[in-house]
Amino acid sequence: MKLRNYFVLLPIFPLMVSGALVPVSADGDNWRDLHQEVKEGHLVGINDIMDWLEARYDGQILEVELEQDNGLIEYEVEMIGPQGQVVEFEFDATSGELLSVEGVNIEAMKKSP
């Protein structure tokens, strides 16, 4: 299990350091464009999304993706909860708004206010 966490967290580390999402498969300087979008305020930094999740849910982030779907740029964040449940959160990358949550036993991951 620890080996898996190492490989899963490795792609996330540059995100946490730069504040921008750096796709593992980024060609050339595409990651620089994403970083610039965050820096200019056009996209919410992944740190803000991760902070929001950490404040409200118990779990560990497994994977982060940035996708464009029908013109909407979205962060998809997959977390594993304390009971082993896997939950996917989708956020609007331009506003940081939570768009959807999918998974099993999501309520058990929610932190008390």
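Trainee: How many aromatic pairs does a search of the whole structure find?
Mentor: It finds 3. Rings of Phe, Tyr and Trp (its six-membered ring) pair if their centres lie within 6.5 Å; planes under 30 degrees apart are stacked, over 60 edge-to-face, the rest tilted. W52 and Y57 make a tilted pair, 6.3 Å centre to centre with 40° between the planes.
Trainee: Before we go on, what kind of model is this?
Mentor: A predicted one: local features need pLDDT of at least 70, side-chain atom pairs count only at pLDDT 80 or more, and totals for chains, interfaces and linings use all residues. Residues are numbered from 1 along each chain as its sequence is written, and side-chain values use heavy atoms, leaving out hydrogens and water.
Trainee: What about W52 and F91?
Mentor: They pair edge-to-face, 5.5 Å centre to centre and 80° between planes. W52 sits in helix α3 (residues 46–56) and F91 in strand β3, so the pair ties together parts 39 residues apart in sequence. Helices (H or I, at least four residues) and strands (E, at least two) are DSSP runs, numbered from the N terminus.
Trainee: And which residues make up the ring cluster?
Mentor: W52, Y57, F89 and F91, linked by ring pairs.
Trainee: New topic: what does D92 contact, leaving aside neighbours within four places in sequence?
Mentor: L72, I73, E97 and L99, with contact meaning heavy atoms within 4.5 Å.
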